[in-house]
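Dear colleague,

Please find the sequence and structure below. My notes on the model follow directly after.

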Amino acid sequence: MADKIEHLLEDLETFPPSDDFTSSSPVPADLMARAEEDRLGFWADQARELHWSTPFTEVLDWSDAPFAKWFGDGTLNASYNCVDRHVLAGNGDRVAIYWEGEPGDKRTITYSDLLGEVKRAANLLESLGVAAGDVVAIYMPMIPETVVAMLACARIGAVHSVIFGGFSADSIRSRVEDANAKLVITSDGSIRKGRIFPLKETVDAALEADGHTVEHVLVVRRADNEVSLTPGRDLWWDEEIAQVGDEHVAKPFPAEHPLFILYTSGTTGKPKGLLHTTGGYLTQTSFTHRTIFDLKPEQDVYWCSADVGWVTGHSYFVYGPLANGSTQVMYEGTHDTPDLGRWFDIIQRYGVTIFYTAPTAIRGYMKSGRQIPAKYDLSSIRLLGSVGEPINPEAWAWYREVIGGNRVPVVDTWWQTETGAIMISAIPSQVALKPGAAQVPVPGVVVEVVDDQGERVNPGEMGLLTITEPWPSMARGIYGDRERFIETYWSQFPGRYFAGDGAGVDKDGHLWLLGRVDDVMNVSGHRLSTTEIESALVDHPFVAESAVVGASDETTGQAVVAFVVLKESKKAEIEASDAPQVLRSHVSTKIGAIARPRQVYVVAELPKTRSGKIMRRLLRDVADGKAVGDTTTLTDASVMSAISAGVASGTADDD
């Protein structure tokens, strides 16, 4: 897998940090040098930024590789580090969370407020018999009680398993049973696009069958939705928490005490529960949050738009920012309710300075046009971030120009549920930024791109992304399945973690992520990156979004099939029936005839999860003429129905 990517050998435009940005940055200029000189000593220094009840003396125990122990003889409490220590340091009046509900209701929660709520919630959990090591499943909307529940679990040493609020009863059941959850915390409903989604009823359906270990279900009132309570099992959160005390002392736990289980989405068969522990995870999430986002906690208003049901919400909405004493925004609803200006209105009203979102959201706004963000004052923004999938250069440039006013850094971040925290990203005060590139490993992380035989690739070549040394926030295994963890992540290149992603290396040694390896197509013996073809399509002035998949082909093995969404402002300039041929020719010009799509389908929307991830698996099913798989995680399942109908009717140029 060492095909050339010629543009990686070219001199590409870069965006170095301004003198003002660098001079005002709180990030030490010698971070990278310190990490290269003494990697373990560097991570020990970052860990000491936390509060330790018992200081550690051992940094890393790798004797049971690939199961690491970081800071193993130290003790700490994640909840204390995220709340108590800021209050004790005199910052109790600092706003922790500006919360806004979709209907427009608001709450301002200081660190003192948050500490009081977390203490009471910890007492409530203990009153229900939850103890250290017990698993608590959390199936909640984006409301403050969700964060309180997570921190209360961490405070008493319980292990939380947050389940994304869009998952089905079957998905909840499989996760609850796999983790042997003792308690479920849910809500009477979540509010999205003005509708109430029945969370409690979904939990009821999940717990209908025997075989689970759930003793109680706590229900938070949010949507004013009438639900039934099972006597002896179900309890109202507000009624129960009113009966407990408001004092609670956080207990220290060993650094390797489990903090949470998070199940990866889109898997088949038994769900894969990634287990993360406390000390190393909190070290790397807090370090990367303050470093990659150039954090100034006394000044910044930070907003990560991710749902807490995904790892981004865990690491860069809950644990990283709160450990750093940040002030942040939490928003319950969708970006387009009541209109497409909702996010920009929130940025304007709260004075958001750091905004972290997904490329799919950015491309969605590109489709709608710059006139929408232009209505708002976004001048408070000083840094933009991207997460979730590789960002194509065109979307990067649009994000910087339209949302960032052509003046702020845009940091693209690569990492996974398995890695726990950001692994590859430029430090914006120290590295010239390249549109579309993930760029460099964070200090203390060692990455190598290799070919199928494990040999390092040359600049301009595509290969497989591996991590050669352990890192603090790495998953400590798949819950209950030691061998599956080894087989899935550590068997292809013994001694190395294989991320499952392809990457290219440019002439400066910087990294360009090319998407999942199973999204790298083999067309007539040529390796083609779906990400590169998608970028070529979005480069056309008519295209707002694209998704490319490899479909089975008798002649070439695989063929390129593309699904595109046209910009609203350009639809009058081209007939939808003419667009496929135009775009096929455009890809040929940009990349080469070998990358020319066999078919291009013009669609109204792409199928996305509520976290903004494009479900290419479903598009691959359609392209191969198969029955479409599970659509329960989609924001709107009707999008997939419309695409299937369009493909079946043959609305494509496939000469």
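Q439 lies in the loop between β20 (410–412) and β21 (447–450); helices (H or I, at least four residues) and strands (E, at least two) are DSSP runs, numbered from the N terminus. Although Q439 is not a glycine, its phi is positive, about 85 degrees. Its relative accessible area is 2%, which makes Q439 buried (buried means under 20% relative accessible area, exposed over 50%, partly exposed in between, with a 1.4 Å probe and protein chains only).

This is a predicted model, in which local features need pLDDT of at least 70 and side-chain atom pairs count only at pLDDT 80 or more, while totals for chains, interfaces and linings use all residues. Residues are numbered from 1 along each chain as its sequence is written, and side-chain values use heavy atoms, with hydrogens and water left out.

K193, also not a glycine, has a positive phi of about 55 degrees. K193 sits in the loop between β9 (190–192) and β10 (195–197) and is partly exposed, at 40% relative accessible area. Most residues other than glycine have a negative phi, and most peptide bonds are trans.

Two cis peptide bonds deserve mention. One joins A65 and P66, with omega about 10 degrees; P66 is in the loop between β1 (60–61) and β2 (69–70). Another joins T337 and P338, with omega about 5 degrees, and P338 is found in the loop between β17 (327–331) and α12. In helix α12 (residues 342–350), the buried residues include W343, F344, I346 and I347. G351, with a positive phi near 65 degrees, follows α12.

The largest nonpolar core has 164 residues, of which L151, I185, W237 and Y319 touch the most other members. Such a core is a set of buried Ala, Val, Leu, Ile, Met, Phe, Trp, Tyr and Cys residues joined through side-chain atoms within 4.5 Å. Helix α6 (residues 144–156) supplies the largest share of this core, nine residues. Leaving aside neighbours within four places in sequence, W237 is in contact (heavy atoms within 4.5 Å) with residues including L124, V148, I185 and L218.

Helix α4 (residues 78–91) and helix α5 (residues 111–127) pack at an angle of about 135 degrees, their axes 9 Å apart. Axes are lines fitted to C-alpha atoms, for helices over the stretch in contact, and angles run from 0 to 180 degrees between N-to-C directions. The contact involves, among others, V83 and V87 of α4 and L114, L115 and V118 of α5.

With kind regards
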